[in-house]
Amino acid sequence: MSSDLGRSRKFRGASVLNKIDLSKTIGGVSLSQLLYVVLLSVVFLYLLLPVIFAILISFNPSDLYAFPPDGLTLKWYQAVFSRYSWVSSFLVSFQYSILATIIGILLSSTAAYAIGRFDFRFRNLLDAATFLPLMIPQIILGLALLLFLQHFGLVGNLFGLSLALAVYTTPYATRSILAAMNNFDRSTEEAAMNLGADEIQTFVRITFPSLLPGLLTAAIFSFVVSYSNLQIAVFLQGAGMTPIPVRIFAQMQFGASPVIAAVSTINIVIVLLAILIVERLFGAAEALGYS
């Protein structure tokens, strides 16, 4: 069988698409621009409609998930911040997310530096291994981490949960740091060393400042991933230490409430702020290595 058999086939809709004259204008706007705007609008609506729906519900005075809202109120947000259980969950989530971010960055920067700088026997294996936490279903990963960490007494406490989530953040952080390393011009290091700087001085004054945007981006992504994780947090949570995603999930078992919509909106704002910081400081595409 010829290896070119698949390549000789054409897309069945190609003949139809070729007949469309994209140079035509409608109301002074070209057909290509119009299609571009329509497609972008559809994609944004598909992505943002559930988020917009949750936000609007959180301001609705009704006790039910009624849409469209009958008016505007902040009483559900007041209810969130007046309950100790919700505030405690927010604080717990911030604590383990920050700790998981620190651990994840230490692990990921070490792995990324080794992969990006050195050529050794198991380099490709290490590179592939950094993807494992993404390839394994989170529910399986959570169970495996539970079985492993309970041997060290690390289940049901903040450090154990942070350690488990640090494993899950490793792929995101490693890719961001590797992207920064790939964009780094190593000739600046050689210039510094030619001018008399030793390896430590070169790393502190040249390499580390250049990689800092990648490290900060990796830290923000790690925080977001840790903060919003449910599956691993369910297995590793402890008494009096309920993460915010787990509390939302538990509350949903008793029925929908606008309070949950208010909590979800607060979480959406936290995540969007983190993404906005990355975009404004470094550019999301550059941070992910797509440029």
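The legends below describe close-up views of a predicted model.

Local features are given only where pLDDT is at least 70 and side-chain atom pairs only at pLDDT 80 or more, while totals for chains, interfaces and linings use all residues. Residues are numbered from 1 along each chain as its sequence is written, and side-chain values use heavy atoms, with hydrogens and water left out.

**View A. Thr174 in helix α9.**
Thr174 belongs to helix α9, residues 158–182; helices here are DSSP runs of H or I with at least four residues, strands are runs of E with at least two, and both are numbered from the N terminus. The residue is buried, at a relative accessible area of 0% (buried is under 20%, exposed over 50%, partly exposed in between, with a 1.4 Å probe and protein chains only). A polar atom of the Thr174 side chain lies 2.7 Å from the backbone oxygen of Thr170. Beyond residues up to four places away in sequence, Thr174 touches Ser108, Ala112 and Thr130, where contact means heavy atoms within 4.5 Å.

**View B. The largest nonpolar core.**
This core has 17 residues, and those with the most contacts inside it are Leu145, Leu161, Ala164, Leu165, Ile232 and Leu236. A nonpolar core is a set of buried Ala, Val, Leu, Ile, Met, Phe, Trp, Tyr and Cys residues joined through side-chain atoms within 4.5 Å. At least two residues of the core come from each of α5 (84–117), α8 (138–149), α9 and α12 (231–236). Helix α9 supplies the largest share, 4 residues. With neighbours within four places in sequence set aside, Ala164 is in contact with Leu145, Leu149, Ile232 and Leu236. Another core, of 16 residues, lies apart from this one and includes Trp76, Tyr77, Ile244 and Ile248.

Side chains of opposite charge can pair when their charged atoms come close. The model has 3 salt bridges, each being a side-chain nitrogen of Lys or Arg within 4 Å of a carboxyl oxygen of Asp or Glu. In one of them, Arg117 pairs with Glu189, and the closest N and O atoms are 3.0 Å apart. Arg117 lies in helix α5 and Glu189 in helix α10 (residues 187–194), so this pair ties together parts 72 residues apart in sequence. Arg117 is buried at 17% relative accessible area, and Glu189 is buried at 8%. Glu189 also forms a salt bridge with Arg186, with closest N and O atoms 3.5 Å apart; Arg186 is partly exposed at 42%.

**View D. The Asp127–Arg175 salt bridge.**
The closest N and O atoms of Asp127 and Arg175 are 2.5 Å apart in this salt bridge. Asp127 is in helix α6 (residues 123–129) and Arg175 in helix α9, so the pair ties together parts 48 residues apart in sequence. Asp127 is partly exposed, with a relative accessible area of 23%, and Arg175 is partly exposed at 27%.

**View E. Asn229 in a loop.**
Asn229 sits in the loop between α11 (199–228) and α12 and is buried, with a relative accessible area of 4%. Its side chain makes a polar contact of 2.7 Å with the side chain of Gln138. A polar contact is a pair of N or O atoms within 3.5 Å; within protein, one must be able to donate a hydrogen and the other to accept it, and residues adjacent in sequence count only if both atoms are side-chain atoms. Leaving out residues up to four places away in sequence, Asn229 touches Gln138, Leu165, Tyr168 and Pro245.
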